[in-house]
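Please look over the sequence and the model below before reading on.

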Amino acid sequence: MSNNFFFIGLPYAALVVLLVGSIMRYMNLGFKISSLSSQFLEGKELFYGSRPFHWGLVFLFFGHLVAFLFPRSVIAWNSVPVRLLILEVSALGFGLSALFGLLILVVRRAKNRRLIMVTSKMDVFVYVLLFTQIVSGLWVAYFVRWGSAWFPAVLTPYLKSIFLFDPDIAGVAAMPLSVKIHIVSAFTLIGMIPFTRFMHFLVYPFRYFYRPYQYVIWNWDRKKIRSSRKLVNGVRSKNN
Amino acid sequence: MDIRSQISMVFHLDKCIGCHTCSIACKNIWTDRKGAEYMWWNNVETKPGTGYPSKWEDQDTYKGGWEKNGNSISLKGAGKFKGMKSLFHNSNMPVIDDYYEPWTYKYENLFEAKEGDDQPIARPVSLITGEYITPKSGPNWDDDLAGSEDYAKNDVNFKNLSPAEQEAMFQLERITLHYLPRMCNHCLNPACVAACPSGAIYKRGEDGVVLINQKKCRAWRMCVTACPYKKSYYNWNTGKSEKCVLCYPRLEAGQAPACHHSCVGRIRYIGVMLYDADKIEAAAASNDEDLVQNQLDIYVDPNDPRVIAAAKENGIHDSTIECAQKSPVYKFVKEWELALPLHPEFRTLPNLFYVPPLLPTMAFVNEEGTYETTSENFWGAIEKSRLPMGYMASLFSAGNEETIKTVLKKLMAVRLHRREETVGDLPKEEAMGAMKDAVMDKEMADAIFRLTSLPLFDQRFVIPPAHREEAMEMLESTADVKGNSGFGFKEPPVRGL
């Protein structure tokens, strides 16, 4: 029963909330989407917190994504024990780096009066969620070893079944508690994106890489507006 | 030729009295909000001094602006590679302590304090934390402190001066200062726009005002690093960057920006400049010594029929062209070549030009202990000026001393000519000689004098109309919705299903 709730109900609720919530927030509360940087109030300790934390999580996220999208390749890669070891050790390394960064970030925020002024209740919740996620992940990495070997075999089919709207939780139900916690907190995190500063994942500036450096906006482009001399439809100017 | 129009400014530094009225006018309108208290979109600095934020000119620390790489330029501390790899921690960004911690006073204590032996006082409290603080720095903390160890000695512009020249500036008889009012330059090659990963910062095509879209800003703070003038500010409360908007609501209504309008010394001029956008890239990548000249070459003559034709082709309104022809900025910058951009070596091609100060006088104390004021020495050698040419060149001409000397010669020739006209204690030949030296005639000298000393309000501020009557057409072609239906909404008149 509770398995159905946590591994079928929660994931779907989280995904729906993510989809609807983030679109609504983007459309209606554009001003409130920001990475909410606090570097301006404290810049030195942030360096030792933010960089290991973010880079750790970025690599872990893409690691999980690869295992989900290309399970066969991951299994093939792991066929040589040394490769498996390299993969596992680097994953553990990124996990520790994220934990180390998070601890510094939490301590930094707690002890600095200026930062307390810009900390919301949701930020505290975010810290608890991230802490649960990272610690449970490290626990799994150490005690439920060789995750990269069993993830493609057990969790990839489960996640695939979720996305194909044919949930099959037999495999997940048999997993140890630490793995279950990791999954539940992951879906909670996904569902909380529209309500927290996690929103900044969704606005990573990909467009910057392919736009020209300079950006000029014309309210009124006379060349494009329809005139009596050229009776073609006008183009609405690119106004903010 | 791609002709565009730009609202540009000239500040006449000889007229600035350092009263900070501009800063206060701006503060009252725009930055009297939580998170923005520390921002001074317009501020007035004392030079020599460290400025606000402290030592903002030191790009070895802050990595602002562009740098030349061969024949092209790249952002010094931001950009698609450098910026994005430091997205998680922007290493070169100033923090609040580089500006100052904003504070207010507990005024209510003056009224509500319990009865006691002592007079109640209003203690300063931080506007960030609300705790009692002792203010240790402020936006004009170095006001008038030329010659001071803490501020003037650390001026970044001393870098290229010889130790003897530096020492001379701290001798009591020679200590001097001038004010430097600063605001966003609304550059032609803005580094903040180029550095913004979100694409939130843009330059308005119609008048060249650089703005930040508050809905698109995601607080990556690259603009704060990239702007070499440190005129993009991070609002720590809203998590968005903000900057000078050149009072665009006032501009569109035909009024000068508040800082300009309120200027007590009437040092500020605003007007339209037409420029050729095709030349920007090459000018921004020119060699240091050619930077000023190449920037001036971007601006085109608004009376040239070919320019007018090209401007009309680009949709520039007739009234804007007319304003460009009457522009005081064009006169100072192009016709008379009296005004120079601040720190052209940052390569952002700023649109705010300064007439460098002809410091109080260039007089010095003679052997008898009195000031030498005979005309020859009083106006005599530019080389004897209290602020060394190297210092002025570091501020206004990327180190090219000849540019500064030419401008100062012109300013002096105007003064000699007017002194000869009004006081009459100078031999006519001397005034004529000075004007000949500065390559100007009597008419030009008089025109400079009039626009400098006796300008009317409408001569200082020549602002093109925004054509509010055509405002709807600025957003859409009204003909496109002809025949549509609805009150308060527009929809093609198509039957429902």
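Is B:H343 buried or exposed? B:H343 is buried, because 25 other C-beta atoms lie within 10 Å; a residue counts as buried if 20 or more other C-beta atoms lie within 10 Å of its own, as exposed if 12 or fewer do, and as partly exposed in between, with C-beta atoms placed from the backbone. This is a predicted model, in which local features need pLDDT of at least 70 and side-chain atom pairs count only at pLDDT 80 or more, while totals for chains, interfaces and linings use all residues. Residues are numbered from 1 along each chain as its sequence is written, and chains are lettered from A and ligands numbered from 1 in the order in which they are written.

B:H343 sits in the loop between strand 13 and strand 14 of chain B, where helices (H or I, at least four residues) and strands (E, at least two) are DSSP runs numbered from the N terminus. B:H343 is in contact with B:E57, B:P228 and B:L395, leaving aside residues up to four places away in sequence; contact here requires C-beta atoms, placed from the backbone, that lie within 7 Å. B:H343 and B:F396 are 53 residues apart in sequence, yet their C-alpha atoms are 5.3 Å apart in space.

Strand 13 runs antiparallel to strand 14 (residues 352–355) of chain B, over two bridges, and B:P341 stands opposite B:F353 of strand 14.

B:L395 and B:F396 are among the buried residues of helix 17 of chain B. Seven of the eight residues of this helix (residues 389–396) are buried, and its buried residues pack against strand 13, strand 14 and helix 18 (401–422) of chain B. After helix 17 of chain B comes B:A398, with a positive phi near 50°.

The largest nonpolar core has 131 residues, and B:F332 and B:F353 are among those with the most contacts inside it; such a core is a set of buried Ala, Val, Leu, Ile, Met, Phe, Trp, Tyr and Cys residues joined through C-beta atoms within 7 Å. Helix 18 of chain B gives the most to this core, with eight residues. B:F332 touches B:V10, B:Y269, B:L338, B:A339, B:F353 and B:V355, not counting residues up to four places away in sequence. Apart from this core lies another, of 24 residues, including A:A14, A:F94, A:I134 and A:V140.

In chain A, the axes of helix 2 (residues 44–69) and helix 4 (residues 81–111) come within 7 Å and cross at roughly 145°; axes are lines fitted to C-alpha atoms, for helices over the stretch in contact, and angles run from 0 to 180 degrees between N-to-C directions.

Some backbone details remain. The peptide bond joining B:K47 and B:P48 is cis, with omega about 0°, and the bond from B:Y52 to B:P53 is also cis, with omega near -10°. B:P48 and B:P53 lie in the loop between strand 2 and helix 2 of chain B.

Terms used
Pairing = 2+ DSSP bridges. Contact = placed C-beta atoms within 7 Å.
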